[in-house]
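These are my notebook entries on one structure. I set down what I looked up, entry by entry.

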Amino acid sequence: PKPPNDKSTRSIVVKGVRDALKEKLEKAKDLNFAPEKVQKIAEEIEIAMFGTFGDVGPKYKAKYRSLTYNIKDTKNDGLFRRILLRDLSPIEVVGMSADEYASKELQEWRQQEAKKDIEAIKAHELDLLSLGNTYVMKSHKGEQVIEKDDDVSKQSVTDLKLPDELPDLTPGEDIGKRTLDHPNHGDVKVEPLCDVCTGKISLEALVNLKLKHTPEKESRSKDR
């Protein structure tokens, strides 16, 4: 079978919007609109949709589905009224998002949920700050709080050094395997045996160290 052309698709959309409005109108005892007026509004909305998207492609169809779904929504008694009463122009209807189509109650619920998420994030950040000189580690038993060593917790900003000021470190001597593996420590957020995590050396110093010794490894592999 041949795919429907633009004209037939647009006719289907007009009918779908009209039927969705009529369905809600029949249940509203306080409104009375002639079928011709409902048909005209549906046609105007479709014209605005086609003018906005330029074709009957995915965006056009997605807008149609979203609009008719929200018009028919039994909990949304405001959208179809605003459309029929011309509180919203056809171009405004097409320009609205799915959230804006939603009922006032649903919008308020979403706003409350968004506020809860923000408060939860704030509370989490405050918890991290209140931990002070402790680590939060994840394991199969859940999150565990581990105290830092006194030397690490008392380290001040003035103790930190630039990469050029750090001693010339070599693997196997001053740098352990856990440090060389940084930041690949699995589920552990802060690895106590890693000198980068604990602030003993900077990340730049570790990168420079790795770069410094990489050529040697490559040259050895080539000699073999």
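The model is predicted, so local features need pLDDT of at least 70 and side-chain atom pairs pLDDT 80 or more, while totals for chains, interfaces and linings use all residues. Residues are numbered from 1 along each chain as its sequence is written, and side-chain values use heavy atoms, without hydrogens and water.

I noted that a cavity is a set of points on a 1 Å grid over the protein atoms alone where a 1.4 Å probe fits but cannot get out, and that lining residues have an atom within 4 Å of a point. Helices are DSSP runs of H or I with at least four residues, numbered from the N terminus.

I listed the lining of the largest cavity as I41, E44, I45, I83, R86, L88, S89, P90 and V93. The space in this cavity is about 30 Å³, a volume being the space filled by probe spheres set on the points, which are joined across faces, edges and corners.

I then turned to R86, in the loop between α4 (79–84) and α5 (90–95). R86 is not a glycine, yet its phi is positive, about 65 degrees. Most residues other than glycine have a negative phi.

Lastly, I examined L67. Leaving aside neighbours within four places in sequence, I found L67 in contact (heavy atoms within 4.5 Å) with V17, I45, L79, I83, V93 and Y101.

Methods: Helix = DSSP H or I, 4+ residues; strand = E, 2+ residues; numbered from the N terminus. 1 Å grid on protein atoms, 1.4 Å probe; cavity = no way out; pocket = protein on both sides within 12 Å on 5 of 7 lines; lining within 4 Å.
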